Amino acid sequence: ILYNILKPGGIMEREVNRILKDFEKGHLTRRQVIVKLGGLVAFLSGVGQASSQYQKSGSTFEATGINHI
């Protein structure tokens, strides 16, 4: 998941380019650009953490013991 977001031409690159184009056209202030880029960084932080947790466990559930065979 994280690779698809960060790869060249991926979602993140397109979104950053869109934000910068809007700024260059005068549709966004510097403050709005900073807020939007900060939101993207926060999003990436959450995706990275979720991705690493998924890779560690490999499953949604963990067995704690065997009750009956």
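This is a predicted model: local features need pLDDT of at least 70, side-chain atom pairs count only at pLDDT 80 or more; totals for chains, interfaces and linings use all residues.

Biologist: What does the secondary structure of the chain come to?

Modeller: Helices (H or I, at least four residues) and strands (E, at least two) are DSSP runs, numbered from the N terminus. Here the chain has three helices and zero strands, and its elements run α-α-α from the N terminus on.

Biologist: How many of the residues count as buried?

Modeller: Buried means under 20% relative accessible area, exposed over 50%, and partly exposed in between, with a 1.4 Å probe and protein chains only. Of the 69 residues of the chain, 14% count as buried. Accessible areas come from the Shrake-Rupley method with a 1.4 Å probe, and for residues only the protein chains shown count as cover. The accessible surface of the chain is about 6000 Å², and 58% of that belongs to carbon and sulfur atoms.

Biologist: Which residues make up the largest nonpolar core?

Modeller: A nonpolar core is a set of buried Ala, Val, Leu, Ile, Met, Phe, Trp, Tyr and Cys residues joined through side-chain atoms within 4.5 Å. The largest one in this chain has five residues: Met-12, Ile-19, Leu-28, Val-33 and Leu-40. At least two residues of this core come from each of α2 (11-24) and α3 (30-57). Leu-28, by contrast, is found in the loop between α2 and α3; this residue counts as buried because its relative accessibility is 13%.

Biologist: What do Ile-19 and Leu-28 touch?

Modeller: Contact means heavy atoms within 4.5 Å. Leaving aside residues up to four places away in sequence, Ile-19 touches Leu-28, Val-33, Lys-36, Leu-37 and Leu-40. Val-16 lies in helix α2 and is partly exposed, with a relative accessible area of 24%. With residues up to four places away again not counted, Val-16 touches Leu-37 and Leu-40. Val-16 and Leu-40 are 24 residues apart in sequence and 8.6 Å apart in space, C-alpha to C-alpha. For the chain, residues 24 or more positions apart account for 43% of the contacts with a separation of 6 or more.

Biologist: How is the length of α2 judged, and where do its buried residues fall?

Modeller: The expected span of a helix is 1.5 Å times one less than its number of residues. The 14 residues of α2 should therefore span 20 Å, and its end C-alpha atoms are 20 Å apart, which agrees. The buried residues in α2 are Met-12, Ile-19 and Asp-22. Seen down the axis of α2, they fall within an arc of 100°, so they line one face of the helix. That arc is taken from the directions from the helix axis to the C-beta atoms. Exposed Arg-14 and Glu-24 are carried on the face of α2 turned away from its buried side. Just after α2, Gly-26 takes a positive phi of about 85°.

Biologist: Which residues are linked in a network of salt bridges?

Modeller: Side chains of opposite charge can pair when their charged atoms come close. A salt bridge is a side-chain nitrogen of Lys or Arg within 4 Å of a carboxyl oxygen of Asp or Glu; by this rule the count is two. Glu-15, Arg-18 and Asp-22 are linked in a network. The closest N and O atoms are 2.4 Å apart for Arg-18 and Glu-15, and 3.3 Å apart for Arg-18 and Asp-22.

Methods: Residues are numbered from 1 along each chain as its sequence is written. Side-chain values use heavy atoms; hydrogens and water are left out.
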